[in-house]
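Please read them beside the structure.

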Amino acid sequence: MQPRNMSMSGVVDLAAVKQAQEAKAKAEQARAEAARQGGTGAVSPADLVIDVDEAGFESDVLQRSTEVPVVIDFWAEWCEPCKQLSPVLERLAVEYNGRFLLAKIDVDANQMLMQQFGVQGIPAVFAVVAGQALPLFQGAAGEAQIRQTLDQLVQVGEERFGLTGLVVDPEAEPGAAQAAAPERPAGPHDAALEAAVRALDAGDLGGAVQAYKNVLAEEPGNTEAKLGLAQAELLQRVQTADPQKVRQEAADNPGDARAQIAAADLDLVGGHVEDAFGRLIDTVRVTAGDDRDAVRLRLLELFEVVGAEDPRVAAARRALARALF
């Protein structure tokens with residue numbers, strides 16, 4: 001099986017270069033400060049490779065991905081290529097010294113996780129960065145290719161999300177950092193996020209949109225605010241729409257970007273995720289210029305609503321890339 005999806009190009013929004021530089025600088029400063037403090041909360045090299053199951057996925061992968069990129073190695077005992085790839089990933093996890101965490105998932109014991117990620121065959125390697133899943137490659141891969149992908153992953157984590165990584169102390173006892181980790185204090189934007197949720201519950205979509213924008217103005221990488229904003233804006237767009245009229249216009253004008261975008265919003269709100277994605281991807285194929293770009297941007301917004309970890313999003317991203325290039 002040949003490796004695929006090795007490139008991480010396109011993950012970083014080039015329009016946010018300034019924010020990227022600031023986030024990277026903050027990440028480097030945080031790592032330096034942690035080192036100056038004697039490695040408080042440091043992990044041992046043994047903690048850089050962990051076994052993960054369905055019960056611990058949220059805490060071991062999703063929560064940890066807010067401080068360090070988590071690389072997921074889907075493997076099985078009977079898989080011969082896995083026996084070649086896994087030791088390379090484990091060695092590189094230690095060599096990268098806390099820049100990423102390697103989570104190993106036995107697919108035989110964790111079928112649900114395998115299905116959620118849309119794994120078609122193993123070995124398969126994904127990453128989760130700030131709660132967002134990214135496919136890296138499937139099948140055996142050369143070490144040079146793996147290093148290039150990991151370098152890009154670390155760069156994305158630093159530049160887009162300001163992830164600091166883990167401080168590694170060779171003298172630390174394995175598991176000591178997790179055992180001593182204090183409960184996460186309330187973040188500076190927790191009150192604003194709660195206000196946004198209350199506004200949503202009350203039907204105040206405009207208030208919710210503004211509350212989420214306020215959080216993102218100060219913390220562009222806040223994944224909860226990004227998801228909430230995408231959902232609130234979607235609901236706001238369809239709130240006053242006439243579903244029958246919208247769908248008739250879309251049926252009568254298959255190449256009209258505005259009509260198809262409006263219909264895709266209704267598809268998604270109605271739970272027809274694949275229909276919404278497929279409609280917009282088909283429209284990308286038959287449009288050009290500003291219309292095409294508007295359709296692409298709306299599709300990316302709907303990806304945010306569904307969540308990057310959803311396998312339907314991963315499939316649609318691949319289809320979008322084929323339609324664009």
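1. Serine 65 sits in the loop that joins α2 and β2, where helices (H or I, at least four residues) and strands (E, at least two) are DSSP runs numbered from the N terminus. Serine 65 counts as buried because its relative accessibility is 0%, the classes being buried under 20% relative accessible area, exposed over 50% and partly exposed in between, with a 1.4 Å probe and protein chains only. Apart from neighbours within four places in sequence, serine 65 is in contact with Val70, Val128, Val129, Ala130, Gly131 and Leu163, contact meaning heavy atoms within 4.5 Å.

2. The model is predicted, so local features need pLDDT of at least 70 and side-chain atom pairs count only at pLDDT 80 or more, whereas totals for chains, interfaces and linings use all residues. Residues are numbered from 1 along each chain as its sequence is written, and side-chain values use heavy atoms, with hydrogens and water left out.

3. As for the overall composition, the protein contains 14 helices and 5 strands, and buried residues make up 43% of its 325 residues. Among contacts between residues at least 6 apart in sequence, 72% join residues at least 24 apart.

4. In soluble globular proteins, nonpolar side chains tend to be buried together.

5. Which residues does phenylalanine 117 contact, leaving aside its neighbours within four places in sequence? They are Phe57, Ile72, Phe74, Phe126, Val128, Ala133 and Pro311.

6. Leucine 102 belongs to strand β3 and, with 0% relative accessibility, counts as buried. Not counting residues up to four places away in sequence, leucine 102 touches Leu48, Val49, Ile50, Val71, Asp73, Leu89, Glu90 and Ala93.

7. The axes of helix α3 (residues 80–95) and helix α5 (residues 143–161) come within 11 Å and cross at roughly 45°, which makes α3 oblique to α5. The axes are lines fitted to C-alpha atoms, for helices over the stretch in contact, with angles from 0 to 180 degrees between N-to-C directions; angles under 35 degrees count as roughly parallel, over 145 as roughly antiparallel, 65 to 115 as roughly perpendicular and the rest as oblique. The contact is made by Leu85, Val88, Leu89, Arg91, Leu92 and Glu95 of α3 and by Glu143, Ile146, Arg147 and Leu150 of α5.

8. Most residues other than glycine have a negative phi, and most peptide bonds are trans. The peptide bond from isoleucine 122 to proline 123 is cis, with omega near 0°, and proline 123 is placed in the loop between α4 and β4. Asparagine 97, in the loop between α3 and β3, has a positive phi near 55° and is partly exposed, with a relative accessible area of 39%.
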